[in-house]
Amino acid sequence: MSEIVVGGSDPPSPPLSVASSESSKSSGNTGFDTNRIAEVKAWLVSQFDAAGKDVPEFEYTPRSISHLHNIATLSQAKTQAATIVANDFRQKATEYRSQAARIREILEHVGLVQESLPSNVVSSSQVLASVANLLNIRDTELSSFLVAMADISLRKTAVEEKRAKVQQESKELLDYTRKAIARLTYLKRTFAQLEDDIPPCEAQMEHWKTNLTIMESKERQYLQQYSNYKAMLNRAGYSPEISHGVLVEMAEHKKDLEKKTKPILDTLRSYQDLPPDKALAALAIEDKKRQYTAAEKYLEDVLQSALASSE
């Protein structure tokens with residue numbers, strides 16, 4: 001289906017009747033009715049005839065008819081608006097031409113025809129007219145110029161205020177940008193430093209990992225030894241009541257007992273040479289006594305002989 005775009009400056013379109021819209025409403029919202037098709041065809045013919053072309057062939061479907069009818073309605077509304085504006089401009093142009101003719105007649109009566117004026121006056125008048133057009137005023141009265149200049153001053157003040165506000169915002173944005181650049185520089189420096197710290201940290205982590213493996217092995221070993229020692233203590237009858245302080249006290253008590261029993265042991269060791277029988281022990285004692293007596297007698301003899309030799 002061919003698409004037709006209609007601008008605001010299209011030639012006048014045939015009016016769409018109210019009865020057709022009412023009939024289209026009564027026939028449903030499908031958009032496929034005879035009155036709409038006739039109106040759309042008439043509108044297309046008027047538009048293409050104005051352009052000097054023939055209406056292209058296309059299929060009339062409910063969607064295309066509805067779309068073209070909406071375009072035709074919009075085109076008619078824009079055409080009517082443009083016609084009203086054009087009529088207003090024509091009326092104003094007629095008024096301006098009549099006013100210009102009247103002013104020209106007045107100037108001719110007072111001898112101020114443009115041809116009789118000096119060139120500088122003509123150029124000044126043209127400049128004045130250009131300024132009036134630029135200020136968008138209808139006449140060249142001083143009051144009109146003053147009002148226009150006041151309006152320009154107000155707009156200038158508003159623009160200056162807006163400019164000051166924009167400059168303040170720009171200054172704030174510039175400060176934010178500088179702070180952001182400084183922060184970005186700091187972050188880049190920090191990132192570079194962190195990248196430099198990665199190799200030592202990785203080496204340290206590897207060292208810690210190795211130590212951790214060794215410590216895990218030691219932990220298993222110590223746990224095994226702890227289990228073995230615990231089993232040994234259980235077999236030896238160890239109980240939690242036997243603490244280090246108790247063992248120290250027992251050792252000191254053992255030393256005291258050894259000191260007390262040492263003389264007794266020495267005395268008992270002197271009797272180890274005695275026979276186990278009582279009679280033999282008595283004989284042995286008598287023999288020891290004889291030996292003791294003989295030793296005393298021998299000692300006396302030696303002393304007597306020593307005294308005699310000294311005399």
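Here are some questions and answers on how the labels for this predicted model come about.

The model is predicted, so local features need pLDDT of at least 70, side-chain atom pairs count only at pLDDT 80 or more, and totals for chains, interfaces and linings use all residues. Residues are numbered from 1 along each chain as its sequence is written, and side-chain values use heavy atoms, with hydrogens and water left out.

Q: Why are α4 and α5 called oblique to each other?
A: The axes of α4 (residues 119–135) and α5 (residues 142–235) come within 10 Å and cross at roughly 50 degrees. Axes are lines fitted to C-alpha atoms, for helices over the stretch in contact, with angles from 0 to 180 degrees between N-to-C directions. Under 35 degrees counts as roughly parallel, over 145 as roughly antiparallel, 65 to 115 as roughly perpendicular, and the rest as oblique. So α4 and α5 are oblique.

Q: Which hand does the crossing of α4 and α5 have, and which residues make the contact?
A: The crossing is left-handed, a word used when the near helix is turned anticlockwise from the far one by less than a right angle (clockwise is right-handed). Contact means heavy atoms within 4.5 Å. Leu128, Val131, Ala132 and Leu135 of α4 and Phe145, Ala148 and Ile152 of α5 make the contact.

Q: What makes α2 oblique to α3?
A: The axes of α2 (residues 34–51) and α3 come within 10 Å and cross at roughly 55 degrees. That angle makes α2 oblique to α3. This crossing is left-handed too, and the contact has eight nonpolar, three polar and two charged residues.

Q: How many salt bridges does a search of the whole structure find?
A: Three. A salt bridge needs a side-chain nitrogen of Lys or Arg within 4 Å of a carboxyl oxygen of Asp or Glu. Lys92 and Asp88 meet at 3.5 Å, N to O; Arg155 and Asp151 have their closest N and O atoms 3.3 Å apart; for Arg290 and Asp287 the figure is 3.5 Å.

Q: Why is Arg290 called exposed?
A: Arg290 has a relative accessible area of 52%. Buried means under 20%, exposed over 50%, and partly exposed in between (1.4 Å probe, protein chains only). Arg290 therefore counts as exposed.

Q: Why does Asp287 count as partly exposed?
A: Asp287 is at 31% relative accessibility, so it counts as partly exposed. Lys92 at 36% is partly exposed as well, as is Asp88 at 32%.

Conventions:
Helix = DSSP H or I, 4+ residues; strand = E, 2+ residues; numbered from the N terminus. Nonpolar A, V, L, I, M, F, W, Y, C, P; charged D, E, K, R; others polar.
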